[in-house]
Amino acid sequence: MDHTPFIVGSYAIGAIVLLWTAVAPLIKKKAIVRDIARLIQIEERNDSNP
Amino acid sequence: MTEKTPNKTKLRKNPVVLFIHKLGSPAYFYHFTGKFIPWFWAIFLVLTAIGMYQAFFVVPSDYQQGESFRILYLHVPAAWMSLLAYIIMAVCAFIALIWRIRVVEILAMCSAPVGAAFTVVTLVAGSLWGRPTWGTYWVWDARLTSELVLLFLYLGVIGLYNAIDEPRKAARAACLLALVGAVNLPIIHYSVKWWNTLHQGSSISLMGGSSIDSSMLWPLLVMSIAVKFYYGANLLTRSRVKLLEQDLRKGWVRNIVREGK
């Protein structure tokens, strides 16, 4: 039995799972920072135009 | 007004205690841990490169398992990490439930997805190793089943935490579940001793007597250390993002966004 597909498959799935687990919080951080920046902008605009 | 006892005053002046108190502040935690994350990633990448090179190009194939034994350089470190992540989550959950420290609560909750990822990797890699070695992808033996229960526990903690709107209440409920689920940890560890399982017993022992050859052992240890750094970097990143999300209306978060850090 050729073991290569099992070795390649396990490392490929491992890499995908661990890569996604590492990248997901960075994507979320980007979205949160964008939301906060927008919130600050709205508040500053409201403060300057009461 | 009550007078402070000398012991309590002394304790409060202790630099270690003062540092732990400071670390409980979200702003301080965010800035302090941010310095470590790039280093953790760098160490993880270097150790993984060394470990993988050894595992694929230096270590000879096993005389019984053949080439498929190279999967164990992913499976075993991931399995150890899946247990350690739960231990860290349970300890943080215990501290969070007693002292109600929000940063520790967040650490406990952020440990769950990383631990779940390692459990998935353990199960998938183990299953793909089992097919050429045992002739089957899966058997309902005690070690495999208890590891699958660990995955369900992680998913339960994540699900419960996300099901309740109020984050502090959600964390308390999920911390309680995490603590109850800790009973599964000794079951996983001793399953190969308590029951007659297809999964082999431990080949590596801290107290000596490892049955694995040293040329095959040390890349495994390198990979095991590498995943600890991955876990550390990921846990701290997730905790910092969670703090930003929870404190989005607070001044320290606004300053971070304004400064673009």
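Predicted model: local features only at pLDDT ≥ 70, side-chain atom pairs only at ≥ 80, totals over all residues.
The secondary structure of chain B consists of 11 helices and zero strands, so that, read from the N terminus, its elements run α-α-α-α-α-α-α-α-α-α-α. The C-alpha trace of this chain spans about 70 × 40 × 35 Å along its principal axes. Of the 261 residues in chain B, 38% are buried. When contacts in chain B between residues at least 6 apart in sequence are considered, 75% of them join residues at least 24 apart.

Nonpolar side chains tend to be buried together in soluble globular proteins. In the present model, the largest nonpolar core has 72 residues, and the residues with the most contacts inside this core are I71(B), M89(B) and A108(B). The element that gives the most to the core is helix α6 of chain B, residues 102–134, with 18 residues. For A108(B), once neighbours within four places in sequence are left aside, the residues in contact are M89(B), C92(B), A93(B), A96(B), C175(B) and A178(B). F118(B) also lies in helix α6 of chain B, and F118(B) counts as buried because it has 31 C-beta neighbours inside 10 Å, where 20 or more are required. Leaving aside neighbours within four places in sequence, F118(B) is in contact with A78(B), M81(B), S82(B) and A85(B). One of these residues, M81(B), is 37 residues away from F118(B) in sequence, yet the two C-alpha atoms are 6.6 Å apart in space.

The packing of two helices is described by the angle between their axes and the distance between the axes. Helix α4 of chain B, residues 37–58, and α10(B) have axes that come within 8 Å and cross at roughly 155°. Since an angle over 145 degrees counts as roughly antiparallel, α4(B) and α10(B) are therefore roughly antiparallel to each other, and their crossing is left-handed. On the side of α4(B), the residues that make the contact include F40(B), W41(B), F44(B) and L47(B), while those on the side of α10(B) include V222(B), M223(B), F229(B) and Y230(B). By class, this contact of α4(B) with α10(B) has 17 nonpolar, five polar and no charged residues.

The contact is made by Y73(B), V76(B), P77(B), A78(B), W80(B), M81(B) and A85(B) of α5(B), together with P219(B), L220(B), M223(B), S224(B), V227(B) and Y231(B) of α10(B). In terms of class, the contact of α5(B) with α10(B) has 12 nonpolar residues, one polar residue and no charged residues.

The contact of α7(B) with α9(B) has, by class, seven nonpolar, three polar and two charged residues.

Two loop residues of chain B may be described next. R100(B) has its place in the loop between α5 (72–99) and α6 of chain B, and R100(B) counts as exposed because it has 12 C-beta neighbours inside 10 Å, a count of 12 or fewer being the limit for that class. Most residues other than glycine have a negative phi. R100(B), although not a glycine, has a positive phi of about 55°. K250(B) is found in the loop between α10 (214–246) and α11 (251–259) of chain B, and K250(B) is partly exposed, with 14 other C-beta atoms within 10 Å. K250(B) and H199(B) are 51 residues apart in sequence, and their C-alpha atoms are 51 Å apart in space.

Finally, chain B also meets chain A, since 21 residues of chain A are in contact with 29 residues of chain B. The side of chain A that touches chain B has, by class, 14 nonpolar, five polar and two charged residues.

Key. Residues numbered from 1 in each chain as written. Chains lettered and ligands numbered in written order. Contact = placed C-beta atoms within 7 Å. Nonpolar A, V, L, I, M, F, W, Y, C, P; charged D, E, K, R; others polar. Helix = DSSP H or I, 4+ residues; strand = E, 2+ residues; numbered from the N terminus. Core = buried A, V, L, I, M, F, W, Y, C linked by C-beta atoms within 7 Å. Axes fitted to C-alpha atoms, helices over the stretch in contact; angles between N-to-C directions. Parallel < 35°, antiparallel > 145°, perpendicular 65-115°, else oblique. Left-handed = near helix turned anticlockwise from the far one by under 90°.
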